[in-house]
Amino acid sequence: MTLVAEDGPGPRLLLIGAPILVAVTIGVAPIIGRSLGSLSAVLALGAVYWSGCWFLALFAGKRGALVALYRESFNRRPLEQSMTWLPVVVTFFVGFLPSVSRLPLSALAAVFGVSLINGVTEELLWRGAFASTFSTRLLLGYVYPVALFAAWHIALALVPGMHYEGGPLALIGGSAVFGLLWGWTVWRTHDLRSATIAHVLTNTFAFSALALANWIG
């Protein structure tokens, strides 16, 4: 995977900085986890990760092209629509419905807040910045960020004391599948808003079950 000279320093920073960000989070996850409780560790790890995502998206990506993805008309292609919303449906029935009756309203509000931050941030970088910066290069604009998006979840799996339904492989594999679906829809339709909304909802439903399994007795 090489960049020609005319691609400039921004795209190079995006390609190099993204795996460094993932590697850093994987490296510090066990350390943070041993120093803090699991909830504080996940939030601290998230803060590091989210900060890095915003930095790379805003300073390494092509901001004009990125903003254009938010202005694109909502995706109306049947195949891409089904790919966008499939993760929402799955997590709603598998994670949210069995959990919602046992979640206090305050916990649900906190879950939504974290889901909003995470969903917007991840789509900004992994789908938005990469697809807009490498809009004609499938490997760099779609495949590469999907792999890194899945790899970042290794960091979450390494936080001591965390329980994930189906185990770490389900966490990482599920994120890879969702990344493939959302990445493809953004790549094909240039509609980042639909993927962002779907991601926030998916996080809300999945994080509800996660909160119940780990922090709410």
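Colleague: Where is His190 placed?

Modeller: His190 sits in the loop between α7 and α8. Keep in mind that this is a predicted model.

Colleague: What is phi of His190 near?

Modeller: Phi of His190 is near 65 degrees. That is a positive value in a residue other than glycine.

Colleague: Is His190 buried, exposed or partly exposed, and why?

Modeller: His190 is partly exposed, because its relative accessible area is 39%, and that class runs between 20% and 50%.

Colleague: Now pockets. How much space lies in the largest pocket?

Modeller: The largest pocket holds about 1,200 Å³ of space.

Colleague: How many residues line the largest pocket, and which lie nearest its centre?

Modeller: The lining has 45 residues. Nearest the centre are Tyr164, Leu171, Ala206, Phe207 and Leu210.

Colleague: Which elements give two or more residues to that lining?

Modeller: Those are α2 (38-59), α4 (78-96), α5 (105-133), α6 (138-157), α7 (168-189) and α8 (192-214). The most comes from α8, with 11 residues.

Colleague: How do the lining residues of the largest pocket divide?

Modeller: They divide into 30 nonpolar, 12 polar and three charged.

Colleague: Back to Leu171. Which helix is Leu171 found in?

Modeller: Leu171 belongs to helix α7.

Colleague: Is Leu171 buried or exposed, and why?

Modeller: Leu171 is buried, because its relative accessibility is 18% and the cut-off is under 20%.

Colleague: What does Leu171 touch, leaving out residues up to four places away in sequence?

Modeller: Leu171 touches His153, Leu156, Ala157 and Tyr164. Take Ala157: from Leu171 it is 14 residues away in sequence and 7.6 Å away in space, C-alpha to C-alpha.

Colleague: Switching to cavities. How many of 30 Å³ or more does the structure hold?

Modeller: The structure holds one cavity of 30 Å³ or more. About 30 Å³ of space lies in the largest cavity.

Colleague: Which residues line the largest cavity?

Modeller: The lining is Trp126, Arg127, Ala131, Gly141, Tyr142, Pro145, Val146, Gly183 and Trp187. The elements that give two or more residues to it are α5, α6 and α7. The most comes from α6, with four residues.

Colleague: And what is in that lining by class?

Modeller: The largest cavity is lined by six nonpolar, two polar and one charged residues.

Colleague: Next, α2. How many residues has it, and what span does it reach?

Modeller: Helix α2 has 22 residues. From first C-alpha to last, α2 reaches 31 Å, close to the 32 Å expected at 1.5 Å a residue.

Colleague: Which residues of α2 are buried?

Modeller: Ser38, Ala41, Val42, Leu45, Gly46, Tyr49, Trp50, Gly52, Cys53, Leu56 and Ala57. An α-helix has 3.6 residues a turn, so residues three or four places apart point the same way.

Colleague: What do the buried residues of α2 pack against?

Modeller: They pack against α1 (9-35), α3 (63-71), α5 and α6.

Colleague: Ser38 is on that buried list. Why does Ser38 count as buried?

Modeller: Ser38 counts as buried because its relative accessible area is 17%, and buried means under 20%.

Colleague: Which side chain joins that of Ser38 in a polar contact?

Modeller: That of Trp215, in a polar contact of 2.8 Å.

Colleague: What else does Ser38 touch, leaving out residues up to four places away in sequence?

Modeller: Besides Trp215, Ser38 touches Val159, Pro160 and Met162.

Terms used
Residues are numbered from 1 along each chain as its sequence is written. This is a predicted model: local features need pLDDT of at least 70, side-chain atom pairs count only at pLDDT 80 or more; totals for chains, interfaces and linings use all residues. Side-chain values use heavy atoms; hydrogens and water are left out. On a 1 Å grid over the protein atoms alone, a cavity is a set of points where a 1.4 Å probe fits but cannot get out, and a pocket is an open set with protein on both sides within 12 Å along at least five of seven lines; lining residues have an atom within 4 Å of a point. Grid points are joined across faces, edges and corners, and a volume is the space filled by probe spheres set on the points. Ala, Val, Leu, Ile, Met, Phe, Trp, Tyr, Cys and Pro count as nonpolar, Asp, Glu, Lys and Arg as charged, and the others, Gly among them, as polar. The expected span of a helix is 1.5 Å times one less than its number of residues. Buried means under 20% relative accessible area, exposed over 50%, partly exposed in between (1.4 Å probe, protein chains only). Contact means heavy atoms within 4.5 Å. A polar contact is a pair of N or O atoms within 3.5 Å; within protein, one must be able to donate a hydrogen and the other to accept it, and residues adjacent in sequence count only if both atoms are side-chain atoms.
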